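Student: I've never looked at this one before. Could you walk me through it, one question at a time?

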Amino acid sequence: MAAGSTIQIPSRLPLLLTHEGVLLPGSTMRTSVDSPRNMQLVRSRLLKGTSLRSTIIGVIPNTSDPTSDCDDLPSLHRIGTAALAVQVVGSNWPKPHYTLLVTGLCRFQILQLLKEKPYPVAEVEQLDRLEQFTNQHKSEEELGELSEQFYKYAVQLVEMLDMSVPAVAKLRRLLDNLPREALPDILTSIIRTSNQEKLQILDAVRLEERFKMTIPLLVRQIEGLKLLQKTRKPKQDDDKRVVAIRPNRRINHIPSTTEDEEEEDDHDDVVMLEKKIRTSSMSEQALKVCLKEIKRLKKMPQSMPEYALTRNYLELMVELPWNKSTKDRLEIRSARILLDNDHYAMEKLKKRVLEYLAVRQLKNNLKGPILCFVGPPGVGKTSVGRSIAKTLGREFHRIALGGVCDQSDIRGHRRTYVGSMPGRIINGLKTVGVNNPVFLLDEVDKLGKSLQGDPAAALLEVLDPEQNHSFTDHYLNVAFDLSQVLFIATANTTATIPPALLDRMEIIQVPGYTQEEKIEIAHRHLIPKQLEQHGLTPQQIQIPQVTTLDIITRYTREAGVRSLDRKLGAICRAVAVKVAEGQHKETKPDRAEVPEGEDCKEHVTEDAKPESISDTADLALPPEMPILIDFHALKDILGPPMYEMEVT
């Protein structure tokens with residue numbers, strides 16, 4: 001065919017009825033086909049056809065295909081678009097249907113409907129010219145000033161977009177290379193327009209009429225972009241709007257202001273995160289890694305799963321206390337008073353803490369010791385660790401190691417895994433917010449071992465004063481200084497602790513309490529605590545030391561004081577019941593109505609006497625007479641003694 005000759009479409013076209021969108025010449029549209037006549041058209045014409053003519057169909061907009069073959073066709077829209085079926089994709093879910101990708105060629109007018117079944121076929125008349133535009137398009141004089149005005153608005157709209165996007169730059173070149181008469185249809189399919197507006201452009205057969213109808217749409221889009229740019233916050237290197245380009249060379253609709261604000265907020269968060277990284281006091285190695293990651297984050301789409309992982313990693317790096325620490329309280333006299341008030345006995349522990357304070361006064365950069373308290377359950381190993389932190393004025397964090405059998409709990413997961421997170425050491429530092437807390441590694445003798453590794457071996461680096469200044473968590477992948485952390489481990493026995501781990505700790509034995517020490521602990525700490533927990537006062541209950549000794553020797557037999565604490569709690573609960581019942585009986589006569597007459601008064605007095613005696617017997621005494629707990633009360637509350645006194 002000679003260059004510039006007119007291309008004719010077939011005079012008879014099968015019709016595809018659609019109501020979802022409007023296909024304009026020069027644009028591409030994806031449409032779903034699931035009605036009987038349209039399905040038959042695809043099967044008989046597109047799938048079985050072997051020539052190029054069999055792929056050309058007529059797309060009729062604003063017309064619904066009936067759901068049944070028996071139904072008559074509705075009135076067809078007069079103007080349609082001849083289209084080339086580029087792709088056909090079939091699917092059976094959720095019901096059988098086809099998805100067509102069609103490209104518009106030209107307008108046509110229906111002259112006569114030839115048949116309706118199995119699919120509609122009509123005799124058509126071509127309205128637009130199809131030419132092979134190998135030469136320069138028509139001269140500007142032939143198209144007139146209207147096309148020039150349209151071209152000016154089209155160039156203005158495209159140049160308001162980001163020309164660094166390849167698809168936008170390609171669209172700019174198309175404005176110069178395509179014939180002017182093809183531009184109204186193409187730009188109408190690109191900008192934000194309704195189906196009704198597209199239908200009006202399709203019905204505009206005369207070129208001058210199309211130019212007049214499309215120019216207001218371009219002006220409206222330009223004004224919308226200008227308003228959008230005014231309302232946006234100023235942002236570096238973002239003076240022009242970036243618009244995503246569809247694969248068929250059509251630009252998506254301009255995002256709404258809500259989506260734009262979300263992008264603004266996300267960008268502001270990344271800028272703030274970068275500012276925090278640069279102003280943080282992290283090490284040089286960590287700063288280098290964070291700046292590299294923030295550059296990757298800026299180039300990464302937010303839809304990528306790695307975006308959230310990288311952002312969480314950077315936020316953790318910013319929150320870690322690289323150089324933040326608390327100031328120690330080094331007054332030995334006040335520390336000794338505080339330890340004596342919190343704990344009775346435990347002279348070895350108190351002596352070791354005071355030695356640490358004394359050396360810290362003489363040498364400021366002393367590394368934190370690695371202490372291990374070994375003793376039976378209930379002797380106060382954990383509570384001593386909390387008291388040490390209180391004495392030093394440091395933050396306290398407890399890490400329970402009982403049953404831990406994965407080394408990643410200590411050293412963290414590598415960031416290549418889904419759901420990776422730092423280990424308990426780094427998480428604890430993030431929680432307390434300082435780099436010199438007191439870490440209590442509770443039950444270090446009950447660590448497990450599994451296919452996921454040996455956590456006791458992972459603790460070797462943590463608890464080695466010569467190595468923990470450069471502890472490397474797998475999640476962070478940079479060194480962190482743990483030398484200022486005071487580690488205190490607790491264990492019931494050293495038999496199950498690996499020798500290499502045991503060698504790195506300073507063992508301090510915590511023996512069980514004697515009877516005299518238990519009596520002092522009960523009256524100094526346990527009884528006041530139980531009274532406070534049960535809402536009682538010393539004016540309501542009195543537990544002599546003899547009774548406490550009976551509880552220790554006849555009802556408990558342990559190295560610690562946990563069972564003693566539970567027995568005291570049981571006594572307080574029983575007394576609380578009696579006190580509550582006594583208060584109820586005292587207030588009962590005030591609420592009751594007093595009967596008239598002396599006989600009735602005498603009758604009430606006689607009835608009340610046994611109740612007051614029984615109340616006294618039930619220990620519901622006035623506040624000035626506390627309830628005394630003796631051996632008989634112990635038998636009534638705790639039952640018969642569980643152990644007998646040993647006679648030598």
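Predicted model: local features only at pLDDT ≥ 70, side-chain atom pairs only at ≥ 80, totals over all residues.

Tutor: Residues are numbered from 1 along each chain as its sequence is written, and side-chain values use heavy atoms, with hydrogens and water left out.

Student: How many helices and strands does the protein chain have?

Tutor: Helices (H or I, at least four residues) and strands (E, at least two) are DSSP runs, numbered from the N terminus. Counted that way, the protein chain comes to 21 helices and 17 strands.

Student: What share of the residues in the protein chain is buried?

Tutor: Buried means under 20% relative accessible area, exposed means over 50%, and partly exposed is in between (1.4 Å probe, protein chains only). The protein chain has 648 residues, and the buried share of them is 43%.

Student: Of the contacts with a separation of 6 or more, what share comes from residues 24 or more positions apart?

Tutor: A contact here means heavy atoms within 4.5 Å. For the protein chain, residues 24 or more positions apart account for a share of 74%.

Student: Which residues of helix 5 are buried?

Tutor: Helix 5 covers residues 195-203. Its buried residues are covered by parts that include strand 5 (79-91), strand 6, helix 4 (183-190) and helix 6 (207-231). The buried ones are E197, K198, L199, I201 and L202.

Student: How many salt bridges does the whole structure hold?

Tutor: Side chains of opposite charge can pair when their charged atoms come close. One set is a network that links E293, R296, E306 and R415. A search of the whole structure gives a total of 31.

Student: How far apart are the closest N and O atoms of D464 and R504?

Tutor: D464 is buried, with a relative accessible area of 11%, while R504 is partly exposed at 25%. The two form a salt bridge, and their closest N and O atoms are apart by 3.5 Å.

Student: What is phi of E443 near?

Tutor: E443 sits in the loop between strand 11 (438-442) and helix 15, and its side chain meets that of K446 in a salt bridge (2.8 Å, N to O). E443 is partly exposed, with a relative accessible area of 26%. Its phi is positive although the residue is not glycine, with a value near 55°.

Student: And where is M346 found?

Tutor: M346 counts as buried, at 10% relative accessibility. Its phi is a positive value near 55°, in a residue other than glycine. M346 is found in the loop between helix 10 (332-342) and helix 11 (347-362).

Student: Which residues are joined by a cis peptide bond?

Tutor: Look in the loop between strand 6 and strand 7, where you'll find P118. Omega is about 0° for the bond, and the residues joined are K117 and P118.

Student: In which loop does E116 lie?

Tutor: At 32% relative accessibility, E116 counts as partly exposed. The loop that holds E116 is the one between strand 6 (97-115) and strand 7 (121-126).

Student: How far apart in space are P377 and R562, C-alpha to C-alpha?

Tutor: P377 has its place in the loop between strand 9 (370-374) and helix 12 (381-392), and at 48% relative accessibility P377 counts as partly exposed. Leaving aside neighbours within four places in sequence, P377 is in contact with N492, G560 and R562. P377 and R562 are 185 residues apart in sequence, and their C-alpha distance in space is 8.3 Å.

Technical notes. Salt bridge = Lys/Arg side-chain N within 4 Å of Asp/Glu carboxyl O.
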